[in-house]
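Dear colleague,

Please find below the structure that I am handing over to you. A summary of the findings follows it.

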Amino acid sequence: MVPIECLLKPVKRSGMRVVAYVGTFDPVHEGHVDAARKCLASGADEVLLIPKQGCGRKEAVLGQRERMELCCKRVVNEEGMNVFMGDCSEYMPRAGEPWSLQRLLEMVKGLYGAADVGELCGTDALASFPPSANLEYFFGQTLYVATRPPYPYIPTPNAVEIGTTANISSTLIREALRRGAPLSTLIDLGLHKRVLHHITENSFYR
């Protein structure tokens, strides 16, 4: 059983509709927060950011613990957003298994005592799956989809389309940080001031 202390904020009540937002968040930016807000506006009670170990097409540059810290800095004052700060590796697909978030979603459901646990992802992630893929198997009961240009939203079973999010790139942000870009440029690229302060204070991405 995962201890409740793995959450940044205490669970408000049982029976909530919780949405897991699994990503590298390398670093977390305003596009991620925009997607979470749209998900809350579409009926979710809480969005749980779960920074995972990089794998597949998105290898993480920063360590998992550091990315968790950045997520906490960003959403600590955001109503309806939380961060999972524990080790989720045992709940992710193992070598040789079909890729699925079912085990992770069951963990989140138990952690919250939730009535329903869904998953939030972008159209860029959906585009990586073959057309024949059973997305309910991969992602769980309800899939909240944020449109990320240039990938269009394609109607999907059990999916809720939550709108187009701010087109912000973690890759461009990391490149700007390495170049030592001015703070104003980094904020324009989509970094929140608290996140940017923590990055510069700890010399991340240099």
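Two strands are said to pair if DSSP finds at least two bridges between them. The strands themselves (E, at least two residues) and the helices (H or I, at least four) are DSSP runs, numbered from the N terminus. This is a predicted model, in which local features need pLDDT of at least 70 and side-chain atom pairs count only at pLDDT 80 or more, while totals for chains, interfaces and linings use all residues. Residues are numbered from 1 along each chain as its sequence is written, and side-chain values use heavy atoms, with hydrogens and water left out.

Overall composition

The chain has eight helices and six strands, which follow one another from the N terminus in the order β-α-β-α-β-α-β-α-α-β-β-α-α-α. Of its 206 residues, 50% count as buried; buried means under 20% relative accessible area, exposed over 50%, and partly exposed in between (1.4 Å probe, protein chains only). The chain exposes about 9900 Å², with carbon and sulfur atoms supplying 52% of that area (Shrake-Rupley method, 1.4 Å probe; for residues, only the protein chains shown count as cover). Taking contact as heavy atoms within 4.5 Å, 67% of the contacts between residues at least 6 apart in sequence join residues at least 24 apart.

Strand S5 and its partners

Strand S5 covers residues 143-147 and pairs in the parallel sense with strand S4 (residues 116-122) over four bridges. In this pairing, Leu120 stands opposite Tyr144. S5 also runs parallel to strand S6 (residues 159-164), to which five bridges join it, and here Thr147 stands opposite Thr164. In a regular strand the side chains alternate between the two faces of the sheet. In S5 both faces are covered: Leu143, Val145 and Thr147 are buried on one side, and Tyr144 and Ala146 on the other.

Salt bridges

The structure holds nine salt bridges, each being a side-chain nitrogen of Lys or Arg within 4 Å of a carboxyl oxygen of Asp or Glu. One of them joins Glu79 to Lys12, with the closest N and O atoms 2.1 Å apart. Glu79 lies in the loop between helix H2 (64-75) and strand S3 (81-83), and Lys12 in the segment before strand S1 (17-23), 67 residues away. Both Glu79 and Lys12 are exposed.

Another salt bridge, at 3.8 Å between the closest N and O atoms, connects Asp26 and Arg174. The two residues are 148 apart, Asp26 being in the loop between S1 and H1 and Arg174 in helix H6 (residues 170-179). Asp26 and Arg174 are both buried.

Phe204 and the cysteines

Phe204 is placed in the segment after helix H8 (193-201). Phe204 counts as buried because its relative accessibility is 11%. Its C-alpha atom is separated by 9.3 Å from that of Arg174, 30 residues away along the chain. Apart from neighbours within four places in sequence, Phe204 is in contact with Leu62, Glu66, Glu69, Leu70, His198 and Ile199.

A search of the whole structure for disulfides (pairs of cysteine sulfur atoms within 2.5 Å) finds zero. Cys39 is buried, with a relative accessible area of 0%, and Cys88 is buried at 2%.

Yours sincerely
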